[in-house]
Amino acid sequence: MLNKEEFIQAVQDNLVARNGDLVINPRTMQKNNGVEKTFLDVKYPDSLIAPSVPMDDAYEAYASGMDINKICDKIFSSLSFSKNNAFDINTIMNPVYFNDNVVTRVVNSDKNYDMLLNAPYKSIKGFNDLVLVGRLEVTMPDGHQGSILVTEDILSRVGVSAKEMFDMAQSNTERLHPAKIQSMSSQLAELTGMPEFVFEDTPPMYVVSNVGNTNGANVLTYDGIFERIRSELGGDFYILPSSIHEFIVLPKSFGKEIGEENLNNMVREINAAVVSPEEVLSDSIYSYNSNTKAISTVYTEASQSIGIDDENMRDMNENYESLF
């Protein structure tokens, strides 16, 4: 079995053997939470675009037993489609398109420090290790949905300020990706195909996401969302970040029985063992006070051991603090 480096070289050789005019360059890109992914940028000589082929997914398929020639068949077919259905970058850089399709994305500030050096971001009150960035949603030539990180350069190109961008993005996100609040028992029934009464002894927890269940953690910034949750739970509650796609809420009375330290350890252990590194949202837990309508980060020995640092957050927010 080839190691990853040998596999990538073999794919390059295979593609060039099929079309000797292809110009192929390997590239490493830093994704969410600083996770590095490897791509092959493949360019036809008569094309202005160079589609990026994700090598990590391809190698995972190979390691799972898929024949390398079949993998290259799929890649070459995708490249041919992209060549004949060229993606026009000028279309999405049009201010009208940008204004209607820019959305927010919640990310962990510590894990994305380098990314935030070139991207406008906005702190989220009460969530001391989370910030909002902008993403421009696009439909790729093959029909897949994707998004592009909004950088300072992109804002300059479309002539929009950071504050204007976040105002539009917040409105668009709530419009394009409505919130969904679902009881844990209901979700388990949905996932298993079993009747909900089977899970009637499930703890009083709710899963909060958007209707698409993708990047649903953004819902924690939606207008009125916490009062909606309070009406479901009947009072104060804890917020446990499940992943970038969803978070879990549970009544504070029930959470107190478990213990804040245990809740924090549970989140950390699930992040380490179950959630992929790119999809981890936070190792922290948070609480909502229904009287003050305020969110606060819960500091336990577990959270302190992972380096949550208010001073670092103040330093990072300094550049954009005056915009919001």
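Trainee: Is Ile-270 buried, partly exposed or exposed, and why?

Mentor: Bearing in mind that this is a predicted model, Ile-270 has a relative accessibility of 39% and therefore counts as partly exposed, since that class lies between the cut-offs of 20% and 50% relative accessible area.

Trainee: And where is Ile-270 placed?

Mentor: Ile-270 sits in helix 12, which covers residues 260-273.

Trainee: Which residues form the nonpolar patch on the surface?

Mentor: That patch consists of Met-266, Ile-270 and Val-274, which together have about 260 Å² of accessible area.

Trainee: Switching topic, how many bridges join strand 1 to strand 2?

Mentor: Strand 1 (residues 23-30) and strand 2 (residues 36-43) run antiparallel and are joined by eight bridges, and Gln-30 has Glu-36 in strand 2 as its bridge partner.

Trainee: What about the residues between the strands in that hairpin?

Mentor: There are five residues between strand 1 and strand 2, and in this hairpin Asn-33 takes a positive phi near 65°.

Trainee: Now pockets: what volume has the second largest pocket?

Mentor: Its volume is about 290 Å³, and among the 15 residues lining this pocket, those closest to the centre are Leu-220, Tyr-222, Phe-226, Lys-293 and Ile-295.

Trainee: Which element gives the most to that lining?

Mentor: Helix 10 gives the most to the lining of the second largest pocket, with three residues, while helix 10 (225-233) and strand 13 (294-298) each supply at least two.

Note on methods. Residues are numbered from 1 along each chain as its sequence is written. This is a predicted model: local features need pLDDT of at least 70, side-chain atom pairs count only at pLDDT 80 or more; totals for chains, interfaces and linings use all residues. Side-chain values use heavy atoms; hydrogens and water are left out. Patches are made of residues with over 30% relative accessible area and no salt bridge: like charges are joined within 9 Å, nonpolar side chains (Val, Leu, Ile, Met, Phe, Trp, Tyr) within 5 Å. Accessible areas come from the Shrake-Rupley method with a 1.4 Å probe; for residues, only the protein chains shown count as cover. A salt bridge is a side-chain nitrogen of Lys or Arg within 4 Å of a carboxyl oxygen of Asp or Glu. Helices (H or I, at least four residues) and strands (E, at least two) are DSSP runs, numbered from the N terminus. Buried means under 20% relative accessible area, exposed over 50%, partly exposed in between (1.4 Å probe, protein chains only). Two strands pair if DSSP finds at least two bridges between them. On a 1 Å grid over the protein atoms alone, a cavity is a set of points where a 1.4 Å probe fits but cannot get out, and a pocket is an open set with protein on both sides within 12 Å along at least five of seven lines; lining residues have an atom within 4 Å of a point. Grid points are joined across faces, edges and corners, and a volume is the space filled by probe spheres set on the points.
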